[in-house]
Amino acid sequence: MDILLAFIFGGAYGAVMHYLMPGRTARGSAVAPVIGAVLGGLVWMPLTWAGQTTLDPWLWILSIAVPAIVVPAVLAVLTRTRANHDARERLRLKIS
């Protein structure tokens, strides 16, 4: 049941980063929270399978820190990729 906290922390952080990072009009509003929630759960799951318990601080630190590090990087790449794609399409369609 505690894995829900990892999903919630990751999703909340993703939502905050969606609004703080530039280029939010180039991506959907659900992309960042979903990425954050999935990362939180994907870190939590193997750590608990490896024997970590909820009393171990590394489980909490890593399940919060990984989304905090990865979500901004993924959003920056997605925004840059979308901007480049849109520029190529404007050239291809001869739209100023």
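**Figure 1. M1, in the segment before helix 1.** In this predicted model, M1 has a relative accessible area of 81% and is therefore exposed, the cut-off being over 50%. M1 lies ahead of helix 1 in the chain. T53 is 52 residues away from M1 along the chain, and the C-alpha atoms of the two are separated by 12 Å.

**Figure 2. The contact between helix 1 and helix 2.** The axes of helix 1 and helix 2 are 6 Å apart, and the two helices pack at an angle of about 150 degrees. Angles over 145 degrees count as roughly antiparallel, so helix 1 and helix 2 are roughly antiparallel to each other. Their crossing is right-handed. On the side of helix 1, the contact is made by I3, A6, F7, G10, G11, G14, A15 and H18. On the side of helix 2, A32, P33, G36, A37, G40, G41 and W44 take part. By class, the contact of helix 1 with helix 2 has 8 nonpolar and 7 polar residues, and no charged residues.

**Figure 3. The contact between helix 1 and helix 3.** Helix 1 covers residues 3-20 and helix 3 covers residues 57-92; their axes come within 10 Å and cross at roughly 30 degrees. Because angles under 35 degrees count as roughly parallel, helix 1 and helix 3 are roughly parallel to each other. Helix 1 passes helix 3 in a right-handed crossing. The residues of helix 1 in this view are L5, A6, F9, G10, Y13, G14, M17 and H18. They meet W60, S63, I64, P67, A68, V71, P72 and L75 of helix 3. The residues of the contact of helix 1 with helix 3 divide into 12 nonpolar and 4 polar, with no charged residue.

**Figure 4. The contact between helix 2 and helix 3.** The axes of helix 2 and helix 3 come within 8 Å and cross at roughly 145 degrees. The crossing of these two helices is right-handed. Helix 2 contributes V31, A32, I35, G36, L39, G40, V43, W44, L47 and T48 to the contact. Helix 3 contributes W58, L59, W60, L62, S63, V66, P67, V70, V71, V74, L75 and L78. Sorted by class, the contact of helix 2 with helix 3 has 18 nonpolar, 4 polar and no charged residues.

**Figure 5. Helix 2, its buried residues and the position after its end.** The 19 residues of helix 2 should span 27 Å at 1.5 Å a residue, and the end C-alpha atoms are 27 Å apart, which agrees. The buried residues of helix 2 are A32, P33, G36, A37, L39, G40, G41, V43, W44 and L47. These buried residues pack against helix 1 and helix 3. Just after helix 2, G51 takes a positive phi of about 110 degrees.

**Figure 6. V38, a residue of helix 2.** V38 has a relative accessibility of 41%, which means that V38 counts as partly exposed. L93 is 55 residues from V38 in sequence. In space, the C-alpha atoms of V38 and L93 are 37 Å apart.

**Figure 7. Helix 3 and its buried residues.** Helix 3 has 36 residues and reaches 53 Å from its first C-alpha to its last. This span is close to the 52 Å expected at 1.5 Å a residue. L59, S63, P67, V71, P72, L75 and T79 are the buried residues of helix 3. They pack against helix 1 and against helix 2, residues 31-49. An α-helix has 3.6 residues a turn, so residues three or four places apart point the same way.

**Figure 8. D86, a residue of helix 3.** At 24% relative accessibility, D86 counts as partly exposed. D86 and V70 are 16 residues apart in sequence. Their C-alpha atoms are 24 Å apart in space.

**Figure 9. K94, in the segment after helix 3.** Most residues other than glycine have a negative phi. K94 has a relative accessible area of 76% and is therefore exposed.

Note on methods: Residues are numbered from 1 along each chain as its sequence is written. This is a predicted model: local features need pLDDT of at least 70, side-chain atom pairs count only at pLDDT 80 or more; totals for chains, interfaces and linings use all residues. Side-chain values use heavy atoms; hydrogens and water are left out. Axes are lines fitted to C-alpha atoms, for helices over the stretch in contact, and angles run from 0 to 180 degrees between N-to-C directions. Helices (H or I, at least four residues) and strands (E, at least two) are DSSP runs, numbered from the N terminus. Angles under 35 degrees count as roughly parallel, over 145 as roughly antiparallel, 65 to 115 as roughly perpendicular and the rest as oblique. A crossing is left-handed if the near helix is turned anticlockwise from the far one by less than a right angle, and right-handed if clockwise. Contact means heavy atoms within 4.5 Å. Ala, Val, Leu, Ile, Met, Phe, Trp, Tyr, Cys and Pro count as nonpolar, Asp, Glu, Lys and Arg as charged, and the others, Gly among them, as polar. Buried means under 20% relative accessible area, exposed over 50%, partly exposed in between (1.4 Å probe, protein chains only). The expected span of a helix is 1.5 Å times one less than its number of residues.
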